[in-house]
Amino acid sequence: MTELDLFHHFIPDIAEMIVNQRERTQDQRTQWKRTVIEHAKSLGPSVCGFIRKTLMVIDNYLEKDEGVEMMRTDAIEIYPCFVAHKPKPEKMQEKEQYFEETGAFPSQIVLDSRGNLIDGYTSYLLAKAHGIQCVPVRSGVRQIVRASHKPGGKLYSWELPSLLIGRVSAGDMAVVRTERGVKVVTVAAVEEYARNESEPLRMVIRVKRGSSKF
């Protein structure tokens with residue numbers, strides 16, 4: 001039976017699943033998906049693969065109002081820094097186990113305005129490994145700051161953690177990691193990551209507005 005045959009056969013059940021899941025909490029949905037996947041494994045690889053994809057479609061439909069869209073996996077661009085720093089085998093094994101048990105990716109795939117992946121690399125790798133052609137993605141921003149150790153000094157680059165994105169401005173004071181330890185620098189500019197910075201970038205630890213002292 002092809003995936004198209006399966007789809008036509010299960011349309012009524014899929015519709016009922018969507019209605020039922022609307023009334024459940026996130027924890028209840030997760031447990032339900034674990035049960036479905038466990039049962040699907042006994043039905044053979046093709047049916048199990050179809051059910052996994054169906055669960056992703058249901059998740060995407062339920063989260064439609066939360067900025068989630070479906071995108072072809074091969075259309076996602078990967079920054080060189082991700083390719084050069086692949087996840088450790090034990091980390092991927094843990095993520096693989098979660099995917100096998102729940103039918104869901106362990107983290108959301110987040111893309112910047114250019115379609116480059118900025119978060120969820122392990123989920124992307126899982127999708128590729130399992131031949132999943134379309135995945136749910138969100139839009140996000142990867143930002144860096146240009147900052148100097150003293151007024152008018154040479155500018156260096158640091159990356160902002162997700163909690164600080166959109167909350168930093170020129171003139172702010174930032175605590176950052178450097179080759180010589182933790183230092184305080186003055187932010188000259190905040191920019192969206194443009195793929196031409198040296199990798200890997202060190203991270204900003206925290207920021208204070210204006211010229212306030214820490």
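How many residues in the lining of the largest pocket are nonpolar, how many polar and how many charged? The lining divides into 13 nonpolar, seven polar and eight charged residues. Keep in mind that the model on screen is predicted.

**Stop 1: the largest pocket**

Select F82, I118, D119, R142 and E159. Of the 28 residues that line the largest pocket, these five are the closest to its centre. The pocket holds about 720 Å³ of space.

Next, colour α4 (80–84), α5 (89–102), β4 (116–119) and α6 (121–129). Each of these elements gives the lining of the largest pocket at least two residues.

Now centre on F82, which is found in helix α4. Is F82 buried or exposed? Its relative accessibility is 16%, so F82 counts as buried, the cut-off for buried being under 20%. Draw a distance from F82 to I118: the C-alpha atoms are 8.9 Å apart in space, while the two residues are 36 apart in sequence.

**Stop 2: the mixed sheet**

Select β1 (69–72), β2 (77–78), β3 (109–111), β4 (116–119) and β5 (134–139). These five strands form an open sheet with mixed pairing, in the order β1-β5-β3-β4-β2. At the edges are β1 and β2, each of which pairs on one side only.

Step through the sheet pair by pair.

- β1 and β5 are antiparallel, with four bridges; look for M71, whose bridge partner in β5 is V135.
- β5 and β3 run parallel, with three bridges; here L111 has S139 of β5 as its bridge partner.
- β3 and β4 are antiparallel, with two bridges; V110 is bridged to D119 in β4.

**Stop 3: the loop between β1 and β2**

Select A75, which sits in the loop between β1 and β2. With a relative accessible area of 36%, A75 is partly exposed. A75 and G115 lie 40 residues apart in sequence, and their C-alpha atoms are 7.8 Å apart in space.

**Stop 4: the largest nonpolar core**

Select I76, F105, I109, L117 and V135. Of the 24 residues in the largest nonpolar core, these touch the most other members. V135 is also the bridge partner of M71 in β5.

Which elements each supply at least two residues of this core? They are α4, α5, β3, β4, α6 and β5. The largest share, four residues, comes from α6. Helix α6 also supplies at least two residues of the lining of the largest pocket.

**Stop 5: the antiparallel sheet**

Move to the open sheet of five strands with antiparallel pairing, whose order is β7-β6-β9-β8-β10. Select its edges, β7 (156–159) and β10 (204–208). Why is one side of each left without a neighbour in the sheet? β7 and β10 each have a single partner strand, so one side of each stays without a neighbour there. From one strand to the next, the twist averages 45°.

Finish with β6 (residues 143–148) and β9 (residues 181–192), which pair in the antiparallel sense over six bridges.

How values were computed
Residues numbered from 1 in each chain as written. Predicted model: local features only at pLDDT ≥ 70, side-chain atom pairs only at ≥ 80, totals over all residues. Heavy atoms only, no water. 1 Å grid on protein atoms, 1.4 Å probe; cavity = no way out; pocket = protein on both sides within 12 Å on 5 of 7 lines; lining within 4 Å. Points joined across faces, edges and corners; volume = space filled by probe spheres on them. Nonpolar A, V, L, I, M, F, W, Y, C, P; charged D, E, K, R; others polar. Pairing = 2+ DSSP bridges. Axes fitted to C-alpha atoms, helices over the stretch in contact; angles between N-to-C directions. Buried < 20%, exposed > 50% of the residue type's maximum accessible area, 1.4 Å probe, protein only. Core = buried A, V, L, I, M, F, W, Y, C linked by side-chain atoms within 4.5 Å.
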